[in-house]
Amino acid sequence: MHWEKILTALKQRVDHCSQTTQSLPADQRPTVACIEWVNPLMGAGNWIPELVTMAGGTPLFGKVGQHSAWLQWSDLIEADPDILVIMPLGFGLERTRQDVTELAQHPDWTKLKAVQTGRVYITDGNHYFNRPGPRLVDSLEILAELLHPNLFQFGYRAKGWDVAADTSTNA
């Protein structure tokens, strides 16, 4: 009985996000590049594209249920995401912040729309995105906050995600 209540509560949270975003028109569904590794670049696969879709975005890399794929910088530049979410395998916020600093060194970094508009986010991949389990509901809520801050405010900032430091120029 106890587990049924927990599962019901988790399902209600998922439904809240997906039902809120399901009727968004295409022009309100930002393109999202989730980066699982920075050197070399790897786009997040497995469950991440599905979470992005449920959160009201359009995933650019990765296929639902398929392993994460290696990317070239040219892939990222060509896709030119509205939002860039950095979620390296096994890393928390501070370590991920270091990875964004490394990304910002690339000569094409400032060409990205997400960089130009300040929509580059770091996440605690270790606790939220990189492992299957109940915390994926938290991951969905984090993505919903990032993609649609006008619709969702769950309070994960500074513990599950943060805005990357000013990365609009090469350091």
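User: Is Ala-158 buried or exposed?
Analyst: This is a predicted model, in which local features need pLDDT of at least 70, side-chain atom pairs count only at pLDDT 80 or more, and totals for chains, interfaces and linings use all residues. Residues are numbered from 1 along each chain as its sequence is written, and side-chain values use heavy atoms, with hydrogens and water left out. A residue is called buried under 20% relative accessible area, exposed over 50% and partly exposed in between (1.4 Å probe, protein chains only). Ala-158 has a relative accessibility of 55%, and therefore counts as exposed.

User: What value is phi of Ala-158 near?
Analyst: Ala-158 is found in the loop between α7 and β7, where helices (H or I, at least four residues) and strands (E, at least two) are DSSP runs numbered from the N terminus. Ala-158 is a residue other than glycine with a positive phi, and the value is near 80°.

User: Which residue has a side chain joined to that of Arg-157 by a polar contact of 3.1 Å?
Analyst: Arg-157 lies in the loop between α7 (136-147) and β7 (161-163), and its relative accessible area of 48% makes it partly exposed. Apart from neighbours within four places in sequence, Arg-157 is in contact (heavy atoms within 4.5 Å) with Glu-145, Asp-162 and Val-163. A polar contact is a pair of N or O atoms within 3.5 Å; within protein, one must be able to donate a hydrogen and the other to accept it, and residues adjacent in sequence count only if both atoms are side-chain atoms. The polar contact of 3.1 Å joins the side chain of Arg-157 to that of Asp-162.

User: Why is the pair of Trp-37 and Phe-91 assigned to its class, and what is that class?
Analyst: A search of the whole structure finds 6 aromatic pairs, where rings of Phe, Tyr and Trp (its six-membered ring) pair if their centres lie within 6.5 Å, and planes under 30 degrees apart count as stacked, over 60 as edge-to-face and the rest as tilted. For Trp-37 and Phe-91 the centres are 5.5 Å apart and the planes stand at 35°, so the class is tilted.

User: How many residues apart are Trp-37 and Phe-91?
Analyst: Trp-37, partly exposed at 30% relative accessibility, is in strand β1 (residues 31-38). Phe-91, buried with a relative accessible area of 18%, is in the loop between β5 (83-86) and α4 (93-103).

User: What class does the pair of Trp-73 and Trp-109 belong to?
Analyst: Trp-73 is in helix α3 (residues 73-79) and Trp-109 in the loop between α4 and α5 (113-116), 36 residues apart, and both of these residues are buried. Their ring centres lie 6.4 Å apart and their planes stand at 75°, so the pair is edge-to-face.

User: How far is the charged end of Arg-135 from the centre of the Tyr-128 ring?
Analyst: Tyr-128 belongs to one aromatic cluster with Phe-152, Phe-154 and Tyr-156. A charge sits over a ring if NZ of Lys or CZ of Arg is within 6 Å of the ring centre and within 35 degrees of the ring normal. The charged end of Arg-135 sits over the ring of Tyr-128, at a distance from its centre of 5.6 Å.

User: What arc do the buried residues of α4 cover around the axis?
Analyst: The buried residues of α4 are Leu-93, Thr-96, Asp-99, Val-100 and Leu-103. They lie on the same side of α4, because the arc, taken from the directions from the helix axis to the C-beta atoms, is only 110°.

User: Which elements are included in what covers the buried residues of α4?
Analyst: The chain has 7 helices and 7 strands, in the order α-β-β-α-β-β-α-β-α-α-β-α-α-β along the sequence. What covers the buried residues of α4 includes β1, β2 (41-43), α3, β5, β6 (120-123) and β7.

User: What radius of gyration does the chain have?
Analyst: The radius of gyration is taken over C-alpha atoms, and the globule rule is 2.2 Å times the number of residues to the power 0.38. With 171 residues, a compact globule would come near 16 Å, and the chain agrees with this, having 15 Å.
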